[in-house]
Amino acid sequence: MLKKIEKTLIEGSESLGLHLDSFQLSLFLQYFDILCKWNTKINLTSIRTPQEIIVKHFLDSLTCVKTIKSYISSRINEKKEISIIDVGTGAGFPGVPLKIIIPSLKMTLLEAKEKKTNFLKELVKELDIKGIEIIKNRAEIIGKKIDFRESYDMSISRAVAPLSVLSEYSLPLVKKNGWFIAQKGREYKEELRCSMKILELLGGALIKIENVKLPILKQERNILVIKKTKNTPDKYPRRDGLPKKRPLNI
């Protein structure tokens with residue numbers, strides 16, 4: 001079984017144009033083992049077969065690596081760490097896999113559920129990865145706090161909420177000229193159509209869509225890249241729970 005997992009990780013990464021060195025491979029295998037053990041105690045993910053965990057969580061998280069590297073390249077002269085916040089990270093996706101592949105990232109994992117943040121703390125400790133901060137809170141709350149609001153180079157999120165909701169969670173956290181990246185499946189066009197004016201209201205503008213095939217399964221993935229062009233109005237995000245309960249509709 002271990003050899004099959006290794007093979008899927010290596011070949012899947014290569015199909016995304018990534019080469020895993022022995023250290024990165026060992027971290028992914030440790031991550032897989034810890035995730036499976038914890039998943040017997042608490043519900044971290046409904047995806048439970050080894051192959052699906054590797055493909056639908058690990059490799060899916062890596063579909064945006066090239067996008068993030070393009071941002072880093074555009075900031076190469078600034079000579080500073082690129083800060084990313086993973087909104088609604090759950091069991092660490094996509095933030096932890098991205099940190100394994102790009103160790104220079106200054107990664108923040110945002111998760112509201114205590115059981116999941118306990119898992120994340122144990123995971124980071126076991127993997128001995130430096131440069132990861134774990135925050136137990138909601139995006140609507142920290143998006144109002146001066147220490148977090150408009151302080152990240154990038155916000156990223158995967159399978160958390162429709163784009164209209166996710167934008168209100170994420171854009172207030174991104175600094176001007178930073179990027180908000182939303183990983184979406186093939187049904188993204190309707191979400192995007194309904195969200196263009198919302199993005200503008202919150203200070204964002206769509207600058208590109210990158211199409212990627214999920215390795216092994218060959219499913220379509222679309223990386224929506226939204227640039228923060230102006231500051232988000234102070235009234236956003238709205239109070240705790242409201243973005244999901246009453247999504248913006250413009």
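The text below treats the sheet, the helices and the salt bridges in turn.

The model is predicted: local features need pLDDT of at least 70, side-chain atom pairs count only at pLDDT 80 or more, and totals for chains, interfaces and linings use all residues. Residues are numbered from 1 along each chain as its sequence is written, and side-chain values use heavy atoms, with hydrogens and water left out.

**Sheet**

Helices (H or I, at least four residues) and strands (E, at least two) are DSSP runs, numbered from the N terminus. Seven strands make up an open sheet with mixed pairing, in the order β3-β2-β1-β4-β5-β7-β6; two strands pair if DSSP finds at least two bridges between them. The edges are held by β3 (132-136) and β6 (204-213); each has a single partner strand, so one side of each is left without a neighbour in the sheet. From one strand to the next, the twist averages 20°.

At one end of the strand order, β6 and β7 (residues 220-228) are antiparallel and share nine bridges. Glycine 204 has lysine 228 of β7 as its bridge partner.

**Helices**

Axes are lines fitted to C-alpha atoms, for helices over the stretch in contact, and angles run from 0 to 180 degrees between N-to-C directions. Contact means heavy atoms within 4.5 Å. Helix α4 (residues 65-74) packs on the sheet, where it touches β1 (83-87), β4 (152-158), β5 (174-184), β6 and β7, and its direction makes about 165° with that of β5. Helix α6 (residues 114-127) lies across β2 (106-111) and β3, and runs at about 165° to β3.

Helices α2 (residues 22-39) and α3 (residues 50-61) have axes that come within 11 Å and cross at roughly 115°. On the α2 side the contact is made by Phe28, Tyr31, Phe32, Leu35 and Cys36, and on the α3 side by Pro50, Ile53, Ile54 and Phe58. By class, this contact has nine nonpolar, no polar and no charged residues; Ala, Val, Leu, Ile, Met, Phe, Trp, Tyr, Cys and Pro count as nonpolar, Asp, Glu, Lys and Arg as charged, and the others, Gly among them, as polar.

Helix α8 (residues 163-170) is mostly covered, with eight of its eight residues buried. Buried means under 20% relative accessible area, exposed over 50%, and partly exposed in between (1.4 Å probe, protein chains only). Glu168 is among the buried residues of α8, as are Leu163 and Tyr169.

**Salt bridges**

The structure holds 15 salt bridges, each defined as a side-chain nitrogen of Lys or Arg within 4 Å of a carboxyl oxygen of Asp or Glu. Among them are the following pairs.

| Salt bridge | Closest N to O distance |
|---|---|
| Arginine 221 and aspartate 60 | 2.9 Å |
| Lysine 130 and aspartate 128 | 3.0 Å |

Lysine 130 and aspartate 128, by contrast, are both exposed. Glutamate 190 and arginine 193 both lie in helix α9 (residues 188-201), three residues apart, about one turn of the helix. An α-helix has 3.6 residues a turn, so residues three or four places apart point the same way. Glutamate 190 is partly exposed, at a relative accessible area of 43%, while arginine 193 is exposed, at 57%.
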